[in-house]
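Work through the two exercises below with the sequence and the model open beside you. Each task is followed by a solution in steps.

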Protein chains: 4
Amino acid sequence: KQTGRLLIKCPDQPGIVSSVTQFLHKNEANIIESNQYTTDPQDGKFFMRIEFESSKLPEAEEELRNDFGSIADTFDMEWSLKGAYDVKKTAIFVSKELHCLRELLLEWQSGDLIADIKMVVSNHEDCKELVESFGLPFFHIPSNKDIRKQVEEKQLKLLKDYDIDLIVLARYMQILTPDFVAAHPFKIINIHHSFLPAFIGANPHKRAYDRGVKLIGATSHYVTNDLDEGPIIEQDIVRVDHRDSVNDLKKMGRSVERIVLARGVKWDLEDRLIVHENKTIVF
Amino acid sequence: KQTGRLLIKCPDQPGIVSSVTQFLHKNEANIIESNQYTTDPQDGKFFMRIEFESSKLPEAEEELRNDFGSIADTFDMEWSLKGAYDVKKTAIFVSKELHCLRELLLEWQSGDLIADIKMVVSNHEDCKELVESFGLPFFHIPSNKDIRKQVEEKQLKLLKDYDIDLIVLARYMQILTPDFVAAHPFKIINIHHSFLPAFIGANPHKRAYDRGVKLIGATSHYVTNDLDEGPIIEQDIVRVDHRDSVNDLKKMGRSVERIVLARGVKWDLEDRLIVHENKTIVF
Amino acid sequence: KQTGRLLIKCPDQPGIVSSVTQFLHKNEANIIESNQYTTDPQDGKFFMRIEFESSKLPEAEEELRNDFGSIADTFDMEWSLKGAYDVKKTAIFVSKELHCLRELLLEWQSGDLIADIKMVVSNHEDCKELVESFGLPFFHIPSNKDIRKQVEEKQLKLLKDYDIDLIVLARYMQILTPDFVAAHPFKIINIHHSFLPAFIGANPHKRAYDRGVKLIGATSHYVTNDLDEGPIIEQDIVRVDHRDSVNDLKKMGRSVERIVLARGVKWDLEDRLIVHENKTIVF
Amino acid sequence: KQTGRLLIKCPDQPGIVSSVTQFLHKNEANIIESNQYTTDPQDGKFFMRIEFESSKLPEAEEELRNDFGSIADTFDMEWSLKGAYDVKKTAIFVSKELHCLRELLLEWQSGDLIADIKMVVSNHEDCKELVESFGLPFFHIPSNKDIRKQVEEKQLKLLKDYDIDLIVLARYMQILTPDFVAAHPFKIINIHHSFLPAFIGANPHKRAYDRGVKLIGATSHYVTNDLDEGPIIEQDIVRVDHRDSVNDLKKMGRSVERIVLARGVKWDLEDRLIVHENKTIVF
């Protein structure tokens, strides 16, 4: 397809939308979807996402980017202009719990999640067969905290070899080193099995049970070096009651975890997410 | 405040957004919120709502409208440009069930529903005291199907005297005549106590009970002369189960009815609704 | 495990619960879960489900049933007493849309759906590989309305050979003959891709789109010979808006369909459903 | 009506249900609703709530209680047997935010909340007119942290004079002293404007905004002397997004707060709540 996506972040001031839409108009682009948000029309921060079709794409993609440069300079923009045809090269990391992986694979197979899945990486072999039945490469990299450095070296090599754009932690229960995280700013999405900021850290279902909550949740977020403190992408909840054991909470949590992760990953793949001050703008 | 709202509906073609935003820019307007939708970038219908602040408002409102006329002509637009300070003059019609009326009055009193409520009209006197305790005029117009014409004449006179912009049927159980409806195109909002198009017509809760549904709903919609067939504004549901009697469904339905109606009314009051082919665009 | 499930349906009268619980007590049964419902304490219909553990199970299952007979006679009960260890032999019928099948297989594989899946039957071959990758038998029975009789003969033979307890229509787009349905009373569960009774019949998403609804739904129900009119087991909805095309509704509908079907199937497998006057009691 | 409610908490062991239902049967009681829960059939804790009709009520209420004593002793029960006709004498405490108070008053007026509201107490006079328009006594007791003791003395005298059963803190922004709380074990219900345990303490909406959550919530709970740590009764959430300011969160929070509080209060009024290890069983 000839679809492009323009993402913009800049200080708000009059004239931005007018300049951007004139530029697109001049370049024979039809706007399909347009979203904008300003923290404050006076001296706030302005954000915009435009999805458009242009007969100039994909051939003149580079040229469009060059032309847009002067507008971007005028308004002091951070921006990107990409073709929707450049599907993100994606790696999925997983441990022993496979429900999130399964959801991603099925959504991908049915065409509802447009990713170029290059690999599934796990510290266990439980999902090998599943992954290969989808015709995808599986890499088994056993790990423990004593060999974290060597493990990450192997992982980083793989990520580099395949030129990965997005890493999805689909219940990957290992802590990543600060260096690993720093090397992939806002390119790692994790699913946490609680309604953050409630129950940060380990065993959220056990703690939810002990506290006697009436709802449990899940949170997909970008990974930063503050544990479970990165920008939240999506959250949802499921109702529980006094009869539910810790094990029931785990089971019930699974269906909300997989949906919350899949939704967050889709939004990233469609370039709908802009990070600002540890929050996400979801367009 | 100096806030204006521009609503547009026209055939889609390149250049619309660019022209509109240039116009606003020229008129020192800061865009606060902007939404657009196109049924199809090729030969579809284009819809837009822009909320903006301009130091020229409210003084130069008429002038802005005049200036915009030439753009509107170029693109063959149906459009409106209004100040948010022109709060809609609203009439509420009600019968004996008061939960929807109560919700509207409380939301209005707490400043969450910005309407200029000019009157509450009822064919019963049950709510007289309630309405007057809010300092609002109450009109009792008894009615039955034999005197429908005379009743509506009284109502129409009131609506005209107070120059009413919006009529809310807050569980007003009388049928309006085709003439009455035709005189207020997309200016009458009704709440139907079912998830339309399920259970069109009378006694939806009884019929929901008989069918054994597991969810019941409510629908706010603009009134047209096809019973319960007007453009749907908002819907929501509440979970029920086998233990719930018809009476329980009525009780449980109340909380979803009042919320669905209040939401729909707010959106109309904020000029967020555009009707197109018997559907609503909700911006 | 030594878990049993007792289901009861009888005219309400004093003393039922007392007799039943005495019986269980006498038989060293610990009640794990107990649910009851009466349409009316005076002359209504009484329903009960008890899940219990007893050291006498599974050995004395037949004996327990014999003993219970006299209580059942006293109160004129329709009843069943089964071991939870008798997992239902299940057949899944599917056509070309595979999301519901996938959900059931994954839930089954992860141990969240306790069925003894004996076969997947389809009029197409699209899911052959998927089914066989789960180690399950796949039967391809091409069909069209001219050969319906022959098709059903083959299906009936399979169902009989494997002694099937439950048939799940996981988006099986063929109409079953009255004879086929009559042979499996309340043993066939279908998923309909609308919020019944809205949009009975074909193309519910197209019709939902045309009507401009703000929510779409799905309904799992037992199949009777009135199209889409059988007892509703479970329903749920998902929010849509004006931007969603018919195709978007189909996509969004998939996630609610698969969940609503899986939930309904689980409840049947756990003997939580009692049908009464074309409705379900869900315990 | 002749409805009674029996609540039971005791060590689980075989024979409890059997004994209780025999007792009711002997006393000509029809069971309307029955719920039970055991933490573990082996040596767990057992909970039960039975709602029944008996022609012996209300006259023989005391006699029924005496008779039940021996069963209660046998099984070492904590228990209560009350008539539904003994409507709880209720006090509502409120400060300046009135949405929760309004909800309770409207639900009470429409007969959906069966309480005997004896008073509304506030440290401000904002709601005086509203309360009195419902024909209810209003008490203005100004307060600040320096005169907390005197304030509570006045409050305690009122509560005693009116023999209050239930105190509802409907956004009452004052801290209660340990003595006050200790004097009303599980008789004070508070609404906290967050999804506990997230955002314990002050300004939860500001902190939710800063964290960038995608859902905000509300929690009704019994008050204990650990701030916001008492047994949770009910929780619910509402979806928010990046466009919502702190003020928007407050507005949106209101509708979920009032519903979560009203639901919790209703359950208490209907004796549906049993506290166990800082959690609630909701029957």
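**Exercise 1: a sheet and its helices**

Determine the order of the four strands in the open sheet of chain B, and explain why one side of β2 and of β4 lacks a neighbour.

Solution. In this predicted model, where local features need pLDDT of at least 70 and side-chain atom pairs count only at pLDDT 80 or more, totals for chains, interfaces and linings use all residues. Residues are numbered from 1 along each chain as its sequence is written, chains are lettered from A in the order in which they are written, and side-chain values use heavy atoms, without hydrogens and water.

Step 1. The order is β2-β3-β1-β4, with antiparallel pairing; strands (DSSP E runs of at least two residues) pair if DSSP finds at least two bridges between them.

Step 2. Because β2 (29-38) and β4 (78-83) of chain B are edge strands with a single partner each, one side of each has no neighbour in the sheet.

Step 3. Between β1 (residues 3-11) and β3 (residues 45-54) of chain B there are nine bridges, and Leu7(B) has Arg49(B) as its bridge partner in β3(B).

Step 4. Helix α1 (residues 16-26) of chain B lies across β1, β2 and β3 of that chain.

**Exercise 2: the nonpolar core**

Identify which residues have the most contacts inside the largest nonpolar core.

Solution. Step 1. Such a core joins buried (under 20% relative accessible area, 1.4 Å probe, protein chains only) Ala, Val, Leu, Ile, Met, Phe, Trp, Tyr and Cys residues through side-chain atoms within 4.5 Å.

Step 2. The largest one has 69 residues, and Leu101(B) and Leu101(D) have the most contacts inside it.

Technical notes:
Buried < 20%, exposed > 50% of the residue type's maximum accessible area, 1.4 Å probe, protein only. Contact = heavy atoms within 4.5 Å. Axes fitted to C-alpha atoms, helices over the stretch in contact; angles between N-to-C directions.
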